[in-house]
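Open the model in your viewer and keep the selection tool at hand. The stops below go one by one.

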Amino acid sequence: MSIDTLPSIDWMSEDFQTDVERACAAIAPHQKGPGLVRSDRGIEIVNYALALSVVRDARFSLAMPSRLRTIGIPDGAAARSFLNFLFSREGVDHVRARKACAPWFTASGAEKLREQTRAWVNQWLDESNSERADFDFLGLLSNRLPSTLFCLMIGAPLSDAGFIQHMSEEMMLLTAPPAPGNAERIEDAAIKTQAYLLDQAEQRRRKPGADLLSHMVGVEATGAIDTDDILAVVFNALVGSTDTTSSQICLNLQALAANPDQWRLLKENPALVSKAVMELLRYNPGAWSVQRSPFDEMEFEGLRITPEDTLFPAVFAGNNDPAAFPEPRRLDIEREHAVTPLNFGTGRHGCLGRMITLMEQEEVLLAVTRKWKSCTVLDADFSGKMFALAPQSFRVSFVPDSE
Ligand code: HEM
C-alpha cells in the first residue's frame with residue numbers, strides 16, 4: 001500500500017496550531033481505524049497503541065538527520081553537536097553515555113534537588129509580589145526555574161540561567177516550522193552553547209564540585225567516557241530540560257485554572273500532586289509529537305517505508321485516545337492511568353530527566369495551590385506547532401484565600 005492512500009490532514013491548519021481541544025476533535029475520526037494519517041510533514045500516528053509501539057520499536061531512530069534536513073542545518077559543527085546528542089546515539093555509544101550519568105537522573109537524584117527547587121519557587125512568588133492583579137508567570141517563574149536548576153545541576157553560576165534559557169529557546173526552533181533565518185539562529189546557538197559547556201567542563205576538571213558535570217569529568221578521568229560523551233548528556237539535557245518544562249508548567253496552570261474544582265481538590269489534598277502532574281501532562285501536553293524514521297526499508301502497517309520517511313507518534317492524540325484514557329477531555333487529578341501517557345517516550349531513549357521535571361512541576365503546583373484560592377489566566381500566547389508549544393506570554397491573576 002502506498003502512503004498516498006492514507007487519509008490526509010493539514011497539519012499546518014488552525015486546528016493543529018495551539019489548541020489541544022480542536023486538535024483532538026480533528027483527529028478523533030482517525031483514531032478508530034488503523035490510526036495512520038498523512039500530512040505534509042510525514043505519517044502521523046494518532047492512536048495510543050500504535051504510537052506507543054512505534055516509540056519503543058528499536059527498528060526506528062529518533063530521526064535527527066531528517067530534523068536537521070527539514071530545518072536546513074548544513075553539515076558542520078552545529079549539526080555534529082546535535083548528531084552527538086544522547087537522543088541521536090544508538091548502541092554502545094548511547095548506552096555508555098547514558099549509564100555514566102544515570103545516578104543523577106533517578107528518583108532519588110531528583111529528590112536531592114527538591115528542597116532547593118521549593119525554596120526558589122516560594123522565594124520568587126513572594127519576591128515578585130504575586131498578589132498583584134497581573135502576574136507575568138512566564139518571566140517571573142516558569143522560564144526561570146528550569147534554567148536555574150540546570151545551572152545548579154552542572155555547577156555553573158546561577159546567574160548564567162538567562163543565557164541557558166535564551167540558548168535553549170533558540171535551539172528549540174528545531175521544533176518549529178522551517179522559517180527564514182531559523183537555521184542560522186539554531187547553528188549560532190549550538191556553537192555558543194557547545195563552547196560554553198566545554199568551558200564549564202574545563203573549570204570542573206580544575207576544581208570539581210558535587211554536581212553532574214564534575215561527576216562526568218570524574219568518569220572521563222577513569223577513561224570510561226570521553227568529552228563527546230559528556231556533551232551528549234549535558235548538551236542534550238540543556239536543550240531537553242528548559243523550554244519543555246517551562247511550557248508544561250504554564251499549561252498545567254492553565255488547565256487547573258480552567259477547572260477550579262480540581263484546583264480546590266489539590267489545595268485540600270496536596271498528596272494528590274504526583275497524580276495531578278501526570279494527569280495534567282496527559283491532558284495538555286507541551287510536546288505534541290515525537291519523531292521516528294526506520295533505520296532500513298521495512299513493512300509497516302501494510303506500507304513500504306524507507307529511512308527517508310518520517311513518522312510522528314502524536315503525543316496529544318495518544319494521550320486523548322478514548323481507548324486508552326476513557327473520557328479523555330475530562331481533567332481528573334485523581335484518575336488512575338491504566339497506561340502511561342506518551343509525554344516522555346519510553347524504552348531506550350525514554351526521557352532521562354523525567355523525574356526532575358516531574359519534581360519541578362509538582363513543586364510549582366504545590367506552591368500556587370497552597371498560596372491561592374484560584375487563578376485566572378489573563379493572557380496565554382502559545383506559539384509552536386509541529387512538535388511543541390512554546391509560550392510567548394503567560395499572564396495570570398491569583399485570588400487570595402481571603403477573598
Ligand atoms: C516536560 C518536560 C519534558 C518532556 C515533555 C520531555 C520529553 C522527552 C521525550 C519525549 C524524550 C524521548 C524522545 C523520543 O522518544 O523521541 C526525551 C528524552 C530526553 N530527555 Fe526529556 N523531557 C522533559 C524534560 C527533561 C529534563 C528536565 C531533562 C534533563 C534534566 C531531559 C533530558 C532528556 C534527555 C537527555 C533525553 C534523551 C534520552 C536518550 O536519548 O537516551 N528531559 N525527553
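Buried here means under 20% relative accessible area. Keep in mind that this is a predicted model.

**Stop 1: a helix**

Select residues 144-154, helix α9. Nine of its eleven residues are buried, so the rest of the structure largely encloses α9. To see them, colour Leu145, Pro146, Ser147, Thr148, Leu149, Phe150, Cys151, Met153 and Ile154. Now step just past α9 to glycine 155. Its phi is positive, at about 75°.

**Stop 2**

**Stop 3: aromatic pairs**

Next, show the aromatic rings. A pair of aromatic rings is described by the distance of the centres and the angle of the planes. The count of aromatic pairs comes to 15.

Start with phenylalanine 135 and phenylalanine 398. Their ring centres are 5.8 Å apart and their planes stand at 55°, so this pair is tilted. Planes under 30 degrees apart would count as stacked, and over 60 as edge-to-face.

Move to phenylalanine 382 and phenylalanine 394. Here the centres lie 6.0 Å apart with the planes at 55°, so the pair is again tilted. Phenylalanine 382 belongs to strand β9 (residues 372-383) and phenylalanine 394 to strand β10, so the contact ties together parts twelve residues apart in sequence. Phenylalanine 382 has 8% relative accessibility and counts as buried. Phenylalanine 394 has 0% and counts as buried too.

Now select Phe135, Phe137, Trp372, Phe382, Phe394 and Phe398 together. Ring pairs link these residues into a cluster.

**Stop 4: arginines over rings**

Select arginine 41 and phenylalanine 312. Arginine 41 lies over the face of phenylalanine 312, 3.8 Å from the ring centre. Then select arginine 329. Which ring does arginine 329 lie over? The ring is that of tyrosine 283, with arginine 329 over its face at 4.0 Å from the ring centre.

Key: Residues are numbered from 1 along each chain as its sequence is written. This is a predicted model: local features need pLDDT of at least 70, side-chain atom pairs count only at pLDDT 80 or more; totals for chains, interfaces and linings use all residues. Side-chain values use heavy atoms; hydrogens and water are left out. Buried means under 20% relative accessible area, exposed over 50%, partly exposed in between (1.4 Å probe, protein chains only). Helices (H or I, at least four residues) and strands (E, at least two) are DSSP runs, numbered from the N terminus. Rings of Phe, Tyr and Trp (its six-membered ring) pair if their centres lie within 6.5 Å; planes under 30 degrees apart count as stacked, over 60 as edge-to-face and the rest as tilted. A charge sits over a ring if NZ of Lys or CZ of Arg is within 6 Å of the ring centre and within 35 degrees of the ring normal.
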